[in-house]
Amino acid sequence: MNRSVKIKSMKYEDFNDNEYIEEMLKELRENGTNVIVGCLDDVIEWGRSNSLWPLTFATSCCGIEFMAIGAARYDFARFGFEVARSSPRQADFIMVAGTITHKMAPVLKRLYDQMADPKYVVATGGCAISGGPFKKSYHVVDGVDKIIPVDVYIPGCPPRPEAMLYGLMQLQRKVKAEKFLGGLNKGISEKEYEKLMKADTNKAEDYREYDESGLA
Amino acid sequence: MGNNKDIKEIVSSVCPAAVWSDAGDGMFRIPAVSLRELAETLKNTYGFDFLRCLTGMDWGEDGLGCVYHLENTSTGENVIISAADANRDNPALPTVCDIWKGANFYEREVYDFFGIKFIGHPDLRRLFLRDDWKGHPMRKDYDESLNPLNMENEVSRDDAPSYEMTDDGSYILKRHPLFEEEEYVINIGPQHPATHGVLRFQVSLEGETIKKIDAHCGYIHRGIEKLCETSTYPQTLGFTDRLDYLGAMQNRHALCMCIEKALGLEVSERIRYIRTIMDELQRIDSHLLFISCLCQDMGALTVFFFGFRDREKVLDILEQTTGGRLIQTYNTIGGVQADIHPDFVRKVKDFIVYMRSKLNEYHEIFTGNVIARQRLTGTGVLSREDAISFGATGGTGRASGWACDVRKRHPYAMYGKVDFQEITFTEGDCFARYMVRVKEIEQSLNIIEQLIDNIPEGEYQMKVKPLIKLPVGSWSTAVEGSRGEFGVYLESRGDKYPYRVKFRSTGLPLVACVDTIARNSKIADLIAIGGTLDYVIPDIDR
């Protein structure tokens with residue numbers, strides 16, 4: 001089964017970091033799937049990659065550029081990103097646009113946890129990647145990858161809208177190189193994933209002891 | 001911003017122990033015991049009704065204290081007073097939050113950063129940092145290893161501490177409940193599309209009516225003021241663009257002006273022209289975004305697209321000269337980064353013509369819209385007295401009838417020489433706040449039109465030493481930012497690093513007055529109120 005990570009209107013050679021995608025495709029090929037599931041997968045990933053819904057999440061400057069790509073001139077509706085959701089439950093990816101501070105970090109983690117799988121994270125701008133100009137500050141997280149796994153990094157301060165669109169196209173390619181049916185490829189093995197989910201469930205059961213009688 | 005002889009007499013008659021120090025702008029140092037008496041007299045007898053800025057300070061061996069910038073809004077007089085407590089372990093100052101309402105949030109900020117206890121303050125919680133934060137980060141002896149990243153969810157307390165003085169001179173801690181047990185409290189934010197960023201409101205409701213709002217800031221507190229203390233002067237400039245990114249030009253202008261003032265550097269006419277035009281372009285950009293966001297929050301998505309369409313035109317002009325779309329990093333100490341692009345003048349003139357015709361579109365689709373009118377007219381009224389007391393400057397203050405435009409009060413750059421009208425309304429409601437901004441776009445176009453043809457020849461960057469050291473002293477400057485008075489207070493000890501830099505946030509007073517504005521209005525109006533106050537959260541949190 002040959003998977004294609006083709007993006008309409010941009011040539012394969014024009015993208016950077018093709019080795020990364022090749023590696024994902026190689027892994028996909030090695031694992032092997034049967035013809036029917038493979039074809040179905042192809043269709044699902046085509047649909048998924050063209051209707052990625054972002055969470056409306058912005059903490060600072062990059063958020064304004066995120067709004068700009070939503071407006072008519074750059075128009076991310078051309079790629080299927082236009083359905084920005086305000087609820088993490090309905091979003092496919094979170095664009096971390098802006099600085100994440102110590103006070104915001106647990107909130108961001110909670111938002112990420114509230115999103116339904118499969119979910120992606122795009123670190124936008126210098127602050128989300130490394131802390132940016134505020135790296136030395138006492139209250140800034142130096143990189144969101146310290147708290148949540150990141151799929152695509154878009155450098156810039158703030159990145160130009162074109163750069164953001166390029167980064168989002170890279171995310172689309174990544175989605176196209178994934179397996180939807182019959183297993184995971186989230187960078188961890190199935191066993192590890194199960195273990196993680198179990199730990200989460202246990203945590204949820206601990207909370208059940210919390211007295212809710214007063215909440216009604 | 002000079003202090004004339006009159007004020008010196010007034011201060012020394014009320015407080016004979018006051019010491020006038022001359023370094024920089026100069027200020028009065030008064031003992032902490034007579035602070036309250038002086039503040040009350042200045043406010044009640046001499047009409048200093050506007051607390052421009054309240055700055056926390058760590059003066060090392062002299063103790064911890066505050067600098068108060070006061071202004072008399074009817075005469076335009078200014079006075080700067082400061083008070084300190086030498087006891088570093090348990091510093092305390094009397095509160096002034098019942099004299100100027102805006103001091104409430106300022107004092108909470110100072111408590112948060114410096115640990116100064118304000119005796120008599122009703123709600124002395126931390127403003128920006130988590131409740132379980134250890135130590136006070138803006139103190140010079142703060143140990144950064146105390147607070148590693150804490151991923152536990154924050155627990156918010158339901159009571160507020162306050163300190164009161166007993167007869168024997170010690171303090172007792174009292175706790176007041178913020179919300180009663182039976183109150184219905186909902187959370188809005190920090191992740192909410194209508195808070196314009198990461199601001200959090202706890203709203204107590206009775207049915208749909210708002211009974212009380214408790215604002216939580218600090219979700220984007222980046223510690224910029226502390227970072228400035230370890231940066232050289234040219235390095236500090238970069239942070240200002242990222243404070244209020246819709247007023248990047250003006251913010252940077254303010255800091256450059258402050259450093260130039262301290263250096264005694266006079267910039268050329270050409271630089272002042274360019275800076276003024278850039279400031280006004282930035283203001284148009286910001287006001288267009290304000291209209292877009294307000295309308296989007298209220299469901300009028302078409303206007304959002306109109307606003308961004310026109311905004312891109314401004315950004316193109318800015319980008320051609322500065323190289324940046326949103327964050328331009330254009331002003332420098334003693335000039336600007338690069339000369340204007342050869343096409344700049346032509347493009348700006350084209351834009352003026354274009355923008356004037358497009359303004360009608362906004363009026364047709366939104367201003368005259370029945371739904372918009374009904375949601376905006378009469379909701380969220382802020383009185384003139386409250387606007388001054390809170391220090392809510394900018395469009396918010398002018399919508400309440402307070403002529404608070406820094407461009408008129410303390411003209412800088414070319415503003416003293418151009419003819420423009422200061423837009424004021426008297427209603428103080430959401431609609432007035434919206435109209436002020438729309439009309440200000442016209443005024444900004446007028447200002448640019450008067451300047452654009454007459455940009456004189458000259459240098460765009462004055463000669464400045466590569467290593468900038470300021471003399472000992474303290475200076476302050478203010479500009480009219482996109483959403484109010486943006487001030488810079490700078491204290492130098494003769495080093496190449498500033499000893500303390502304080503930015504007067506334009507948004508913090510606006511958030512401070514949300515509770516007053518929104519009480520007894522409907523929860524749906526909170527969106528219109530937040531939209532028309534037009535705060536930018538990173539500017540509040542710094």
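Two strands count as paired if DSSP finds at least two bridges between them; the strands (E, at least two residues) and helices (H or I, at least four) are themselves DSSP runs, numbered from the N terminus. Keep in mind that this is a predicted model: local features need pLDDT of at least 70, side-chain atom pairs count only at pLDDT 80 or more, and totals for chains, interfaces and linings use all residues. Residues are numbered from 1 along each chain as its sequence is written, with chains lettered from A and ligands numbered from 1 in the order in which they are written.

Start with A:Phe93, which stands opposite A:Tyr120 in E3(A). Now select strand E2 (residues 93-97) of chain A: E2(A) and E3(A) run parallel, paired over five bridges.

Next, E3 itself, residues 120-124 of chain A: five of its five residues are buried (20 or more other C-beta atoms within 10 Å of their own, C-beta atoms being placed from the backbone; exposed is 12 or fewer, partly exposed in between). A:Tyr120, A:Val122 and A:Thr124 point one way, A:Val121 and A:Ala123 the other.

On to strand E4 (residues 152-154) of chain A, which pairs with E3(A) in the parallel sense over three bridges. Look for A:Ile154, the bridge partner of A:Thr124.
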